[in-house]
Amino acid sequence: MKIARWVPGLAAARGYQASFLPRDLAAGVTLGAVMVPVGLAYGELAGLPLAGLYGSMLPLLAYALFGSSRHLVVGPDTAMAAIVAVAVAPLAVGDPARLGLLAAGLGVMVGLICLLSGLLRLGFVANFLSKPVITGFLHGLALVIVGAQLPKVLGLKVEGATTLDQFVATVRHLGQTNLATLAIGASCLVVILLCRRFAPRVPGAVLALAGSMLAVLLLGLDRQGVALVGRIPTGLPDLSLPLLSLADFDALLPVALVAALLSFSDTMITARAFGARHGTRVDADQELLGLGAANLVSGLSQGLPISASDTRTAVAEAAGSRTQLTMVIAAAIVAGVTLWLADLLYHLPTAALGGILIASAWGLCDVSEFRRLWRFRRSDFVAALLTMAGVVALGVMEGILVGVVFSLVLLLRALAFPSDAVLGRTPEGGWHDVAHRPDAAPVPGLLVYRFSAPLFFANCELFRDRIEARIAAAAHPVRRVIVDGGAIHDIDLMACELLVDLERELRGKGISLAFGNLRDRVRRDIERGLQLAAGDGEGDLVFPSVAAAAQADRPRP
């Protein structure tokens, strides 16, 4: 087996084009500059400032080697940091060293769970993320980014459990806006959008960061209330295996399972969303391996658990990233900054970072996607809106869950109320829908009926009701009902029991029941289900085709 099958990063490196390097380099520098303060922020949230930085180094290299997406950026995020703060910190009982050990152990456990799931090919769970859910998620994500960064651009301190709460709190405090901070954030946003529009090869985010720091130094904006990133701790992590006790393992296992599920769900929806924008496909099982490798390495290097970073992915994309070399460069930037250049970022305004992130959110929006969904199917449009609203009002994962549940409800509704048709015979002897083939004529005495869905508990009663309604509406008395089972790809026990009752009811009315064109597995299930009703040996109920069932037409006593 070729090693490239398991390590896609090697295959990508072999086919790398030199023309990609300028954009990857610019995007990597921009991404690295953003990841340093963002990593610190997530570390502070978890109670481990350096763990956020450590999770922004080696895990990026691991994912670049093992992940299938060429555009996704991984790293610590709000959900993973919050899990550490809420579920792990209480176990440490105020001991920072123990908290660091438990957080690293959690990362290793999440990594092993994802690796095992990838080897078992459990990535199919990502297939529940539909196009409307992805579209709604992307636009909801854009609003989440704006809601989180707008207070920084305005120089406000607001709190809110959800993005909606943050927007409301921001509006209430607009009168306290710091004009100098607003000027910094707005200028960075304008510079990036202008470069994107008129000079796409120019790294607008890098110019914005450099210009904002220069403005702080020359104009003394920090004395006017402009918030700065400030001093960044230095040092690189040591690689070591966190040794957990059996009690710690038992306590962390349920947390690790939840974290792995959240991390994989977030990773897949983000990877597929950005992959669709670039016309590339994502392998769910390989994503599990990439995510597992990143979390494992993060735990070994005392970092936070890892997930996809939709915000930083958007930053890299907006800066012109072409391949995963962007993450390699960003990881090197983070490592270099923590070793030698931490003092250079002391005067970086947080409003500049906010402007960069809002510009990345701008690039996520594509209103034409909503128009396409509206024109194709109104229910898909509603699913996208519900997902977006859920992300904003409830939270990212909660919003995704709302969209997935709504999509599943629509799927169940389609299965419970499927299309059907009465078939007629054409001059050449085929059987086709009489509503779409004018030359297909019903055969007197025969009702050839097609049901376009699996037969199961949610629609079997409808199946019987429709057949009885078709018999009642037939122009000639029906002596035989033939079910074209070509579209029935599955059947459950409840449906088989109903077919037994239906066959008996029809036989009592002098009408025989037959099946044609069934799939082998469905045929075996139906034969077992109808065994009692067909036990009199007066003829088979299942035929290889509709034509064979029609030729065998003979009334039952």
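The model is predicted, so local features need pLDDT of at least 70 and side-chain atom pairs count only at pLDDT 80 or more, while totals for chains, interfaces and linings use all residues. Residues are numbered from 1 along each chain as its sequence is written, and side-chain values use heavy atoms, with hydrogens and water left out.

Helices (H or I, at least four residues) and strands (E, at least two) are DSSP runs, numbered from the N terminus. Two strands pair if DSSP finds at least two bridges between them. Six strands build an open sheet with mixed pairing, in the order E4-E3-E5-E6-E7-E8. Strand E4 (431-433) and strand E8 (542-543) are the edges, and each pairs on one side only. Strand E3 (residues 420-425) runs antiparallel to E4, and three bridges join the two. Here leucine 423 stands opposite aspartate 433 in E4. Helix H20 (residues 460-473) packs on the sheet and touches E3, strand E5 (446-451) and strand E6 (480-484). Contact means heavy atoms within 4.5 Å. The direction of H20 makes about 150 degrees with that of E5. Axes are lines fitted to C-alpha atoms, for helices over the stretch in contact, and angles run from 0 to 180 degrees between N-to-C directions.

A disulfide is a covalent bond between the sulfur atoms of two cysteines. It is counted when a pair of cysteine sulfur atoms lies within 2.5 Å. The count is zero disulfides. For cysteine 496, the closest cysteine sulfur is in cysteine 460, 9.7 Å away, which is too far for a bond. Cysteine 496 is buried, with a relative accessible area of 7%. Buried means under 20% relative accessible area, exposed over 50%, and partly exposed in between (1.4 Å probe, protein chains only). Cysteine 114 is also buried, at 1%.

Side chains of opposite charge can pair when their charged atoms come close. The structure holds 15 salt bridges, each a side-chain nitrogen of Lys or Arg within 4 Å of a carboxyl oxygen of Asp or Glu. One of them joins aspartate 285 to arginine 121, with the closest N and O atoms 3.4 Å apart. Aspartate 285 lies in helix H13 (residues 284-300) and arginine 121 in the loop between helices H7 (96-119) and H8 (131-154), so the pair ties together parts 164 residues apart in sequence. Aspartate 285 is buried at 11%, whereas arginine 121 is partly exposed at 46%.
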